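My entries follow in the order in which I made them.

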Amino acid sequence: MNNTSIKTRVVGVDVSVDNTTYAIVDVRGNILVKESFPTFDYPDISNFITKLSENIMMLAEANGGYDKIRSIGISVPSANYLTGSIENAGNLPWKGIIPLAAMLRDRMGLAVAVANDAHTTALGEKVFGSAHGKRDFIVVSLGHGGIGSCFFSNGEPHLGTNGFAGEIGHTCVVENGRQCTCGSRGCLEAYSSARGLKQNAEELLAATDVPSLLRDGGELTPERITECCEQGDAIAIEAMRLAGSILGHSLANYATVINPEAVIMTGSMIKAGKWLLDPMVKTFEESVFQNIRDRVKLLVSILDNNDRDVLGASALAWDVPEYSLFK
Amino acid sequence: MKLERTKTRVVGVDISGERTTFAVVDIRGNIIAEDYISTYDYADVNEFVAALAEKIVMLVEANGGYETIRSVGVSAPSASFKLGSIVNAANLPWKGVIPLAAMLRDRLGLAVAVANDAHISALGEKTYGCAHGMKDFIVINIGVGLGSCFFSDGHEHLGDEGYAGEIGHTCVVPVDGRLCGCGKHGCLEAYTAAKGIVKTAEQLMAESDAPSLMRQMEKLSPRTIKECCDQGDEMAIEVYRRVGYMLGIGLANYASVVNPEAIVFTGGISKAGKWLFDPTRQAFEDNVFRNMQGKVKMLVSEFNDRERDVLGASALAWVVPEYSLFK
């Protein structure tokens, strides 16, 4: 008996609106090699699957051999772990229900697990990051697309009866509030995502004559607004404060029902730093159920933004039972 | 070694501010016999435990014998399953942390499990009620307070310290909200539990001169307000419409993160019927994450008063490993 039959590597794939990134990752979370291509270059799903599987195989062959790969995990927006499918993705080129896990497994001859980005991010945090050792926690993703989350219950991700759980971005934080792209009004995303932040700034700029660096006509991105906060711009600071404060209030209600050991913040918007996070922490403290107030840790992810997505996807790959066409 | 007889019965205990009920219950949820003592007769918790234990033994001896009982489950306000204790109960005679499970086990020589009423309600519904066969669902308890417990993939979600489910203390009115018994302002409980409903009625009566049957009521309560609704009283109907609206939004946000198959209502106020549930359902559908619209069932517990208190506690008794002083 020997250990050569145990596979120590998986492939982690992260599909986002910009790029599809795929990497070979070992059991310790070391990213051995990583590549990517623009997702929208393949508006036909069959061509996308072909391109992805060919590239993965070539990458594996050039780096130790395809036979060393145990399984594949893929993170995709709007994907459902329970069905293995992408379901009505708003921002991807392919519409409707796409049975991605089955399609890719047929091409690659290996087990494939599919999950949405919130679920994958939380799994990555549990296995490699700030949630290691924790059993009940919430991971909040503040990315470009919107605000998502996934919470763990007694060591397992809570997916819900349909696999839709965690949609904190579409909870109502202001009655009859702003129109959200999902069709409802007053969603958290409409105030605290990148989109919401931009609208905060626009409304403040329109409501007053106060001079501001943001009036220069440039795009109101989180990065630009953060820069202006650093330079003391009052409107930029208030736009961030509003986003952070509403987020803190919403997370306080979330923590009140979940009672997590920690709430972990991830995603590109956390680069805004104290301008967003200080008001968030303050409102959280004021609004959360008193019995747990001093007992919930508010943390920022320790994982590198660049690695996080494929790391989480690689963790997903270990969960699915091994399957091989070649046995 | 010899063939043993299976123990088919447990004792379910429900401790509330008014009375402490205890019953012998079998595997199928049949209540064989029950009795009660008055909680407030015992200012000293040691005396309470002694009296409770004595009366349980008497009930059991008169109904099959002590050897037929496997274990004991206890429902108490502010109890933590993980700690086996009551923690700072507002409505009981005894303060601080009370290690009730250990105390009762020492007296009875049987395994004892303790949990709070929200957790017990959910367990009761899963084992013997509406939620049998479901894996992801929420049980909402509306009465004096507003509590909940949800199940994740077949297991109750207790949270890091067992405090999960406090939906009543989520903040739904951030500015100028009503003062809640927990010390915060704007809690959902302050608008939707018994006192909150009466307060809304009082506000409506003060706001206008319109006639209402409620003005002639000696004592306003959720039940009497409902009776006015049944008689077509417009102001009373508006009371429940407002309560339902707020409850619906609070539950929509809860469902958006938990994605339950169903929400089960129990507690006194769940008897308010369509006056409460129609507006609740409307506000829920308007605000829940779009993929769940029309999918979440809303059910009312079918247990009668006698069953409700002790069935869940009896279900809890089966969870704790058997223990006997006499082995």
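I began with the hairpin that strand 1 and strand 2 of chain A form, with three residues between them; strands here are DSSP runs (E, at least two residues) and helices are DSSP runs (H or I, at least four residues), both numbered from the N terminus. I noted that strand 1 (residues 9-15) of chain A runs antiparallel to strand 2 of chain A and is joined to it by seven bridges, where two strands pair if DSSP finds at least two bridges between them. Val11(A) is the residue opposite Ile24(A) in strand 2 of chain A.

Before going on I wrote down that this is a predicted model, in which local features need pLDDT of at least 70 and side-chain atom pairs count only at pLDDT 80 or more, while totals for chains, interfaces and linings use all residues. Residues are numbered from 1 along each chain as its sequence is written, and chains are lettered from A and ligands numbered from 1 in the order in which they are written.

I then followed strand 2 of chain A to strand 3 (residues 31-38) of chain A, which is antiparallel to it over seven bridges. These two strands also form a hairpin, with four residues between them, and Gly29(A) in the turn has a positive phi of about 85 degrees. Thr21(A) faces Ser36(A) in strand 3 of chain A. Of the eight residues of strand 2 (residues 19-26) of chain A, six are buried, that is, 20 or more other C-beta atoms, placed from the backbone, lie within 10 Å of their own.

In chain B I looked up the sheet, which is open and mixed, with five strands in the order 3-2-1-4-8. Its edge strands, each pairing on one side only, are strand 3 (31-38) and strand 8 (111-115) of chain B.

Next I checked the domains of chain B, whose bounds come from an automatic or database domain assignment: domain 1 covers 9-116 + 306-319 and domain 2 covers 130-302. Their centres, taken over C-alpha atoms, are 28 Å apart. Five residues of domain 1 of chain B are in contact with five of domain 2 of chain B, contact meaning that the C-beta atoms of two residues, placed from the backbone, lie within 7 Å.

Lastly, how many residues does each chain bring to the contact between chain B and chain A? I found 35 residues from chain B and 36 residues from chain A. On the chain B side, helix 7 (residues 234-258) gives the most, with seven residues.

Conventions:
Buried ≥ 20, exposed ≤ 12 C-beta atoms within 10 Å, placed from the backbone.
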